[in-house]
Amino acid sequence: MLDKNNLPKVAYFCMEYGLDSIMRSYAGGLGILAGDYLKGAKDYDFPMIGIGIKWKQGYTDQKIDKDGKPYDTYHNYEYDFLEDTGVKVTIKIRQRDVICKVWLLNKFGNAPIYLLDTDIPENEDAWITGQLYGWFGEERIAQEMVLGIGGIKALRALGHKIDVYHFNEGHAVFAGLELMREKIEKGLSFEDAWDKSKEEIVFTTHTPIVQGNESHTLDRLMYMGANNGLTIEQLVSLGGSPFNMTVAALRLSKISNAVAQLHKDTANKMWTNVDGRSDIIGITNAIHMPTWVDENMIKAADGNGDLWETHMKNKKALIDFVYERNGVKLDADKLLIGFSRRAAPYKRSNLIFTDESIVEPLLKEGKIQIVFSGKAHPLDDTGKKIVENIVKMTKKYPNSVVFLENYDMTIGRMLTRGSDIWLNNPRRPLEASGTSGMKAAMNGVLNCSILDGWWPEACNHGVNGWQFGDGKGVDDFNTLEELDAHDLKALYKVLLEEVLPTYYDHRDKWVAMMKESILSTKDYFSVKRMLEEYYENMYIK
Ligand SMILES: *Cc1c(COP(=O)(O)O)cnc(C)c1O
């Protein structure tokens with residue numbers, strides 16, 4: 001049990017926070033996790049503060065043009081709810097002083113989050129905090145220096161005493177270099193500063209794809225000043241060459257974690273050759289229920305209310321929402337499949353359309369309806385092609401396939417409440433966690449998913465949702481085509497033989513499954529359990 005009066009004070013570093021649709025400071029799952037985490041810290045009174053960036057334009061607003069292609073737009077956002085702390089800290093980037101103004105964000109029922117902002121007249125480099133993930137190379141490093149180095153300086157200037165520095169993703173790793181610099185300045189050797197800093201750093205790794213883990217050439221880091229006083233050799237001993245942010249974070253932390261149990265195995269395999277790294281344990285993600293879950297569904301699952309009627313209210317709200325946005329009138333009596341993911345090849349958004357001889361009759365008869373959403377990264381042409389292809393399907397099946405442009409928390413909330421099933425078909429094991437499935441599960445929206453991310457920990461096939469693919473993944477086949485063919489067959493089989501018959505012919509069983517979906521997930525996958533595990537297994541050590 002945690003002694004609540006004697007908990008270490010934690011500073012949580014993250015590039016993005018998904019707290020509310022009105023604040024465009026998140027791109028996807030990483031930010032949603034961070035937002036939910038700090039809301040949970042507030043709800044349960046954990047001594048934690050967040051460090052982030054005040055993004056002037058945030059992440060892309062991605063819409064669809066009249067030719068059915070995604071395009072990106074950016075807007076300047078002014079937030080009148082941020083409090084000016086009066087604190088400014090200065091860091092050196094490219095030999096120039098960059099002043100970071102520190103704002104305090106308390107608006108969304110979250111533990112305090114301090115946001116650094118370079119957009120002030122004194123700065124030649126005011127645009128560093130312009131766009132979240134808008135650039136690569138130098139600008140990304142500059143942003144990460146603001147978060148990491150600026151973040152530590154801000155904590156000092158604000159007078160916060162911190163026991164544990166939590167780097168959520170490798171983006172924050174320069175904070176470790178700043179912690180080391182402070183110690184070296186006090187006379188410690190490089191090795192001693194490293195050892196001492198390690199005792200106060202914990203790290204969460206996310207992307208289980210090597211290329212998704214950012215790295216930078218050493219000369220670029222030196223030119224930017226990101227070495228923060230360290231020599232090239234010292235940088236290499238931390239992050240290798242090129243300098244990998246995840247590798248450095250693994251070596252700079254006393255302990256690390258992956259975000260689901262399967263992801264733990266994947267991450268340990270992936271980084272097995274990194275010597276001197278911390279252990280990667282598994283702490284499965286969770287969600288902030290008040291943000292995502294309809295409490296009437298929880299009440300109904302507990303026996304106080306009609307589950308099906310409550311669900312139908314949410315489904316009709318989604319159908320109205322789709323009509324308002326896209327002008328398409330979906331049918332509340334037909335199965336509605338929700339699918340919303342970043343448009344990346346391994347997520348296979350188009351998988352269900354692969355064999356038209358199977359899927360076309362279902363769509364034409366209106367036996368299934370699918371609502372998609374999701375953005376491609378603004379610089380990812382492959383991702384944009386994926387979106388374009390889905391939009392083509394909406395033209396081909398105008399009454400049964402919908403794409404909601406500009407995926408955000410509002411769409412996420414509508415879809416994970418109002419769909420009947422939540423489809424998820426990544427190539428296993430490339431989905432680290434997938435919190436949208438948790439939102440769905442607790443809203444009585446049945447998961448129909450590959451056994452990836454969090455789902456192996458929750459799935460009771462045919463009882464609280466469905467799995468397909470039997471846990472096969474990229475290592476079980478010679479080619480991705482073979483894996484895709486295998487999973488496709490499994491998807492159609494579960495859809496035709498289990499999902500559709502249950503939905504249309506065995507409504508009682510369906511409702512029983514909804515109830516089981518809610519009851520089997522609502523405690524374990526909500527933030528309290530996750531926060532306690534972070535304290536017990538990472539912070540207190
Ligand atoms: C929940 C959510 C996510 C994360 O979901 P995944 O399952 O990881 O895809 C991303 N974006 C938005 C807007 C969300 O609501």
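This short talk goes through a few local features of the structure shown above, from backbone geometry to surface charge.

Please keep in mind that this is a predicted model, in which local features need pLDDT of at least 70, side-chain atom pairs count only at pLDDT 80 or more, and totals for chains, interfaces and linings use all residues. Residues are numbered from 1 along each chain as its sequence is written, and side-chain values use heavy atoms, with hydrogens and water left out.

Let me start with the backbone. Most residues other than glycine have a negative phi, and most peptide bonds are trans. Against that background, the peptide bond from serine 241 to proline 242 is cis, with omega near -5°, and proline 242 sits in the loop between helix H6 (232-239) and strand E11 (243-244); helices (H or I, at least four residues) and strands (E, at least two) are DSSP runs numbered from the N terminus. A cis peptide bond also joins arginine 428 to proline 429, here with omega near 5°, and proline 429 is found in the loop between strand E17 (421-424) and helix H15 (436-442).

Next come two residues with positive phi. Aspartate 45, although not a glycine, has a phi of about 65°, and its place is the loop between helix H1 (29-43) and strand E2 (48-53). Glutamate 169, again not a glycine, has a positive phi of about 85° and lies in the loop between strand E8 (164-168) and helix H3 (174-185).

Which of these two is buried and which is exposed? Aspartate 45 counts as exposed because its relative accessibility is 64%, whereas glutamate 169 is buried, with a relative accessible area of 9%; buried means under 20% relative accessible area, exposed over 50%, and partly exposed in between, with a 1.4 Å probe and protein chains only.

Not counting residues up to four places away in sequence, leucine 30 touches Cys14, Glu16, Tyr133, Asn168, Glu169, His171 and His206, where contact means heavy atoms within 4.5 Å. Leucine 30 and methionine 48 are 18 residues apart in sequence and 18 Å apart in space, C-alpha to C-alpha.

Finally, on the surface, Glu191, Asp192, Asp195 and Glu199 gather in a patch of negative charge; patches of this kind are made of residues with over 30% relative accessible area and no salt bridge, like charges being joined within 9 Å, and a salt bridge is a side-chain nitrogen of Lys or Arg within 4 Å of a carboxyl oxygen of Asp or Glu. Of these residues, glutamate 199 is placed in the loop between helix H4 (190-198) and strand E9 (201-204).

Definitions and conventions. Patches are made of residues with over 30% relative accessible area and no salt bridge: like charges are joined within 9 Å, nonpolar side chains (Val, Leu, Ile, Met, Phe, Trp, Tyr) within 5 Å. Accessible areas come from the Shrake-Rupley method with a 1.4 Å probe; for residues, only the protein chains shown count as cover. Lys and Arg count as positive and Asp and Glu as negative; His and the chain ends are not counted. The place of a charge is taken as NZ of Lys, CZ of Arg, CG of Asp or CD of Glu.
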